[in-house]
Protein chains: 2
Amino acid sequence: MEEVLRRQIEKIVTLTDEEFRFVLTHFTARTVKKHQYVVQAGDPAPNDHFVVKGLLKSFYTDDLGKTHILQFAMEDWWISDPQAYHNKVNATLHIDCLEDTQLFFISIDNREKLCVELQKMEYFFMKKTTAGYIALQRRILSLMSQKAEERFNQFIQLYPTLLQRVPKALIASYLGISRETLSRMSAH
Amino acid sequence: MEEVLRRQIEKIVTLTDEEFRFVLTHFTARTVKKHQYVVQAGDPAPNDHFVVKGLLKSFYTDDLGKTHILQFAMEDWWISDPQAYHNKVNATLHIDCLEDTQLFFISIDNREKLCVELQKMEYFFMKKTTAGYIALQRRILSLMSQKAEERFNQFIQLYPTLLQRVPKALIASYLGISRETLSRMSAH
């Protein structure tokens with residue numbers, strides 16, 4: 001399980017065995033069952049989660065009780081409520097498991113400590129945050145400029161695995177399209 | 001003009017006079033006229049821009065020729081095509097000036113050099129990127145879950161100055177609502 005985290009970090013920076021053991025002391029391993037929550041809106045959410053195995057989603061429930069899926073996270077992905085995590089405020093998002101999940105989490109305090117202690121980890125997190133920023137911007141453009149069908153086709157291209165593992169109703173919510181529209185499209 | 005950049009950086013990290021002079025050698029000052037472009041889709045876009053005075057917008061033109069406003073940037077804000085900037089690929093966005101503008105730009109190569117030379121600047125850029133990430137996520141939630149009127153009211157609350165300086169048609173495009181809807185709402 002540790003090796004998965006090491007490979008993730010070493011995609012961006014190289015670590016000696018000793019450095020990786022040191023990095024690891026800042027993380028905590030956790031197993032979470034399907035349907036269990038790791039973040040609940042209204043509670044503190046001081047951890048960022050790296051998925052070793054399994055699948056989670058983050059979502060927002062609006063004032064009318066409607067849920068909006070913000071993100072999925074499967075193997076090798078990170079998931080948190082970024083506003084709650086970085087600004088140390090209570091969560092506005094929920095995060096729960098769509099499958100039994102193994103993960104490593106790191107608290108914001110440990111992350112800040114680690115970045116000071118080992119500069120290459122600051123570089124690592126900077127690269128991850130930047131990649132996340134670019135992905136969010138692409139998503140905004142997609143929400144603004146693409147029709148439902150184009151958004152769905154782009155989703156299939158980007159995340160073919162998710163199409164197999166995530167219930168269609170949740171994909172429809174993520175894409176901001178109706179369940180009926182999605183069923184019609186995925187029948188082709 | 002230098003002092004504006006220094007205040008921006010010192011909101012997050014403290015610099016000695018010598019450090020700031022060193023930071024400054026990585027930036028270039030530039031004056032740009034209203035309607036002029038600083039980034040054009042299809043061209044390389046190796047610079048991130050810090051606005052000292054003035055106002056810019058970034059936008060995407062879709063296959064049908066329709067434009068979608070992604071971002072405005074006025075005093076104290078940063079603007080780039082982040083994908084082109086960080087991944088060193090050609091731009092997909094345009095960035096032009098809505099007013100005569102004074103800015104500092106920093107190339108991605110200079111930024112990377114600066115972050116290695118002066119670790120607190122890596123921390124500074126990390127904080128800025130994280131804040132940008134959180135803002136984009138809030139925007140996605142807003143696009144997914146809020147009605148036109150709620151989006152407009154949130155925009156007024158967050159950016160009262162922009163409402164005075166930006167033509168209504170551009171605000172409508174930014175919010176993803178029709179010009180007519182916006183005119184109706186802003187008449188109240």
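How many bridges pair E4(A) with strand E7 (residues 94-97) of chain A, and in which sense do they run? The answer is four bridges, in the antiparallel sense. Here strands are DSSP runs labelled E of at least two residues, helices are H or I runs of at least four, and both are numbered from the N terminus. Two strands pair if DSSP finds at least two bridges between them.

Before going on, some ground rules: this is a predicted model, where local features need pLDDT of at least 70 and side-chain atom pairs count only at pLDDT 80 or more, while totals for chains, interfaces and linings use all residues. Residues are numbered from 1 along each chain as its sequence is written, chains are lettered from A in the order in which they are written, and side-chain values use heavy atoms, with hydrogens and water left out.

Back to E4(A), which covers residues 55-61. Across in E7(A), A:Leu56 has A:Cys97 as its bridge partner. E4(A) also runs antiparallel to strand E5 (residues 67-74) of chain A, joined to it by seven bridges, and there A:Phe59 sits opposite A:Ile69. Five residues lie between these two strands in their hairpin, where A:Gly65 takes a positive phi near 85 degrees. Five of the seven residues of E4(A) are buried, so the strand is largely enclosed by the rest of the structure. Buried means under 20% relative accessible area, exposed means over 50%, and partly exposed is in between (1.4 Å probe, protein chains only).

Now zoom out. Chain A is divided into domain 1 (2-128) and domain 2 (146-188), with bounds from an automatic or database domain assignment. Their C-alpha centres lie 25 Å apart. About 950 Å² is buried between them, and carbon and sulfur atoms give 71% of that. Buried area is the accessible area (1.4 Å probe) that two parts lose on being put together, summed over both.

Over in chain B, look at B:Thr129 in helix H5 (residues 119-145). With 10% relative accessibility, B:Thr129 counts as buried. Its side chain reaches the backbone oxygen of B:Phe125 at 2.8 Å. Leaving aside neighbours within four places in sequence, B:Thr129 is in contact (heavy atoms within 4.5 Å) with residues including A:Met126, A:Tyr133 and B:Arg111.

Terms used: A polar contact is a pair of N or O atoms within 3.5 Å; within protein, one must be able to donate a hydrogen and the other to accept it, and residues adjacent in sequence count only if both atoms are side-chain atoms.
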